[in-house]
Amino acid sequence: MSPLDTYHTRPMSPPWSKPLDVDRLAEAEADVDFDVPLAELPRLRAQLANVAGEVHGHVHFRRVASIPVAELLLQGTARLVCQRCLGAMAVEVEATAEVGLVATEADVSRVPEELEPVLAPEGRISVGELIEEELLLTLPIVPLHAEGDACNVAPAVAPLAQGEREGGETQKPFAQLAELLKRQ
């Protein structure tokens with residue numbers, strides 16, 4: 001054997017992806033800082049134009065009315081697909097949330113009204129799950145370039161301006177139907 005034998009194994013998963021004991025974190029009033037690549041968030045991938053970039057932030061755990069609470073602060077940039085021109089667009093994301101972590105759906109009624117309940121099965125949840133859920137709620141449902149931004153819509157596809165009509169004349173597909181009904 002050579003003095004520099006290597007041990008090959010699968011890389012360890014990052015700390016933000018491991019399920020954590022929420023009761024233990026709340027008791028210790030733990031703080032967790034994170035940098036999560038967007039490529040690592042599977043439920044978010046379908047909405048992204050590409051998976052480049054990351055989201056940064058901080059989670060502070062505490063207890064409110066015997067419920068573990070996670071205070072989440074995140075920021076980053078996501079590249080989404082504009083639904084008007086189908087081009088990529090950058091969307092700045094900055095969000096804060098306070099969620100009550102419950103082990104079962106029966107416990108949801110115990111969560112104070114000012115908190116959003118989040119299911120943490122068996123009292124465990126990963127920081128990645130919290131981040132992904134908040135990003136899904138924060139990102140626009142129908143991403144569109146803002147007015148004045150460069151949206152590359154072809155003129156034939158562009159919506160007509162207010163009061164403008166295609167061909168100059170309004171077509172009424174059922175205008176002939178009234179005449180036919182009178183005859184019968």
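This is a predicted model: local features need pLDDT of at least 70, side-chain atom pairs count only at pLDDT 80 or more; totals for chains, interfaces and linings use all residues.
User: Is Leu 181 buried or exposed?

Analyst: Leu 181 belongs to helix H3, residues 175-183; helices (H or I, at least four residues) and strands (E, at least two) are DSSP runs numbered from the N terminus. Buried means under 20% relative accessible area, exposed over 50%, and partly exposed in between, with a 1.4 Å probe and protein chains only. At a relative accessible area of 59%, Leu 181 is exposed.

User: In what order do the elements of the protein chain run from the N terminus on?

Analyst: The protein chain has three helices and seven strands. Among its contacts (heavy atoms within 4.5 Å) between residues at least 6 apart in sequence, 59% join residues at least 24 apart. From the N terminus on, the order is β-α-β-β-β-β-β-β-α-α.

User: What percentage of the residues of the protein chain count as buried?

Analyst: The accessible surface of the chain comes to about 12900 Å², and carbon and sulfur atoms account for 53% of that area. Of the 184 residues, the buried part is 30%.

User: How many disulfides does the count come to?

Analyst: A disulfide is a pair of cysteine sulfur atoms within 2.5 Å. For Cys 82, which is buried at 0% relative accessible area, the closest cysteine sulfur is in Cys 151 at 3.8 Å, too far for a bond. For Cys 85, also buried at 16%, the closest is again in Cys 151, at 3.6 Å and too far for a bond. By this rule the number of disulfides is zero.

User: Where does His 145 lie?

Analyst: His 145 counts as buried, at 12% relative accessibility. Leaving out residues up to four places away in sequence, its contacts include Cys 82, Cys 85 and Cys 151 as well as Arg 84 and Met 89. In the chain, His 145 is in the loop between helix H2 (127-138) and H3.

User: Which side chain does a polar contact of 2.5 Å join to that of His 60?

Analyst: His 60 is in strand E3 (residues 54-64) and counts as buried at 17% relative accessibility. Beyond its neighbours within four places in sequence, His 60 is in contact with Glu 29, Ala 30, Asp 31, Val 69, Ala 70 and Glu 71. A polar contact is a pair of N or O atoms within 3.5 Å; within protein, one must be able to donate a hydrogen and the other to accept it, and residues adjacent in sequence count only if both atoms are side-chain atoms. The partner at 2.5 Å is Asp 31.

User: Which residue forms a salt bridge with Arg 63?

Analyst: A salt bridge is a side-chain nitrogen of Lys or Arg within 4 Å of a carboxyl oxygen of Asp or Glu, and the whole structure has six. The closest N and O atoms of the Arg 63 pair are 3.1 Å apart, and its partner is Asp 23.

User: Which residues are linked with Arg 63 in a network of salt bridges?

Analyst: Arg 63 is partly exposed, at 30% relative accessible area. Besides Arg 63, the network holds Asp 23 and Glu 27.

User: How far apart are the closest N and O atoms of Glu 98 and Arg 62?

Analyst: These two residues form a salt bridge. Glu 98 lies in strand E5 (residues 88-102) and Arg 62 in strand E3, so the pair ties together parts 36 residues apart in sequence. Glu 98 counts as partly exposed at 34% relative accessibility. The closest N and O atoms are apart by 2.3 Å.

User: How far apart in space are Val 118 and Ala 103, C-alpha to C-alpha?

Analyst: Val 118 is in strand E6 (residues 116-119) and counts as buried at 16% relative accessibility. Residues up to four places away aside, Val 118 touches Val 99, Gly 100, Leu 101, Val 102, Ile 125 and Leu 130. Val 118 and Ala 103 are 15 residues apart in sequence, and their C-alpha distance is 8.7 Å.

Methods. Residues are numbered from 1 along each chain as its sequence is written. Side-chain values use heavy atoms; hydrogens and water are left out. Accessible areas come from the Shrake-Rupley method with a 1.4 Å probe; for residues, only the protein chains shown count as cover.
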